[in-house]
Amino acid sequence: MKETTAISHLEEESSSQWGMFTTAQAKRVGVSRQHITQLLKRGQVERASSGVYRFISTPSTSSDDIKAAWLSTNPQRFAHERLAQKNYDAVITGSTAACLYEVGDLYASPYTFGVQVRRQSQRPDIRYIKSSWKDTDVTLVDGLPTAQPEKTIADLIRSHEDVSLISDVAIDFERTGHALSIEELADQLSAIRGNHLTVEDIFYNYEGFPLMLSRESAWKAQKEPIDWKIAQQALTHFSEALRDFTKRQDHE
C-alpha cells in the first residue's frame, strides 16, 4: 500500500476515535513508525501519550488524556471494534470516571480502568481494578465506556480513596442531575463483599437513615427540594461503611 493511501486510511480510522491512533493501529493499516516520525516532523500529528498520537486537524478536548489512555489499554484494536462488544474490555471508573463526569475534586491520573480479568500495567499512570459489571453498570460518556455513578463510587471505595472526597463526588453527582440510588449502591457493596446486603444492613446504625429514605423518595417524586446537609451526612456515612467492609474483605 502506498504511503499516502495508508495515511489516508489511518486518518479515516482515527476520525472515529477522536483523531487519535496507536502505533499498533497504524501498523495494521500500513503506516510504519518511520512514517509516524515523518508526520511528527511535518506537524501533522502530535504525541498524545506513550504510543498514542493525534492528528492536529482534530480539535482537542479536555478529556484527550483519558481517551489516549483508554486506547492504549488495547492498542491493537480500533475504538469502534471495542465498542461494538457490550462486554467491554476496559471500563473507565474510579477517579478517572469522576473526572469524565466532572464531579468531585479528584485527579484523572492514574487512569483507572475496570477489567473483568486481572491484569497489570507497565505504566505508572495506568491502574487496573478487577471488577465485574452488568450492562446497566456501564454507559458512554464522551464516547468512552464509563462506569455508572453508583459503580464509580463503589470502585472509589475499592481503591481506598479518601472518604470525604468520595462523599463530595456523590453529592456532585446528584447536584448535576445524576440521581443516585441507595439500593443500587447497596448492590454494589454486595458485589464487593461477595454476599447480599440490603440498604438497612449498611445504614442500620445511622440515625439519619429515615431522613435519607425520605430524601430519596422526595428526589424521585421531584416534589420537595433535597436537603443537601442530610445527603452529605448520609453519603459520608455510606462511604465509611463501604471502606470498613472493604478493609475487612482485604484481611479475610
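Which residues do ring pairs link into a cluster? They are F21, Y53 and F55. Rings of Phe, Tyr and Trp (its six-membered ring) pair if their centres lie within 6.5 Å, and by this rule there are five aromatic pairs. Please keep in mind that this is a predicted model, where local features need pLDDT of at least 70 and side-chain atom pairs count only at pLDDT 80 or more, while totals for chains, interfaces and linings use all residues. Residues are numbered from 1 along each chain as its sequence is written, and side-chain values use heavy atoms, with hydrogens and water left out.

Let's begin with F21 and Y53. Their pair is stacked (planes under 30 degrees apart), with 5.7 Å centre to centre and 25 degrees between the planes. F21 lies in strand β1 and Y53 in strand β3, so the pair ties together parts that are 32 residues apart in sequence. Both F21 and Y53 are buried, that is, under 20% relative accessible area with a 1.4 Å probe, protein chains only.

Now look at Y101 and F173, an edge-to-face pair (planes over 60 degrees apart). Here the rings are 5.0 Å centre to centre, with 80 degrees between the planes. Because Y101 lies in helix α6 and F173 in helix α8, the pair ties together parts 72 residues apart in sequence.

Helix α8 also meets helix α7: their axes come within 10 Å and cross at roughly 175 degrees. That makes α7 roughly antiparallel to α8 (an angle over 145 degrees).

How values were computed
Axes are lines fitted to C-alpha atoms, for helices over the stretch in contact, and angles run from 0 to 180 degrees between N-to-C directions. Helices (H or I, at least four residues) and strands (E, at least two) are DSSP runs, numbered from the N terminus. Angles under 35 degrees count as roughly parallel, over 145 as roughly antiparallel, 65 to 115 as roughly perpendicular and the rest as oblique. Buried means under 20% relative accessible area, exposed over 50%, partly exposed in between (1.4 Å probe, protein chains only).
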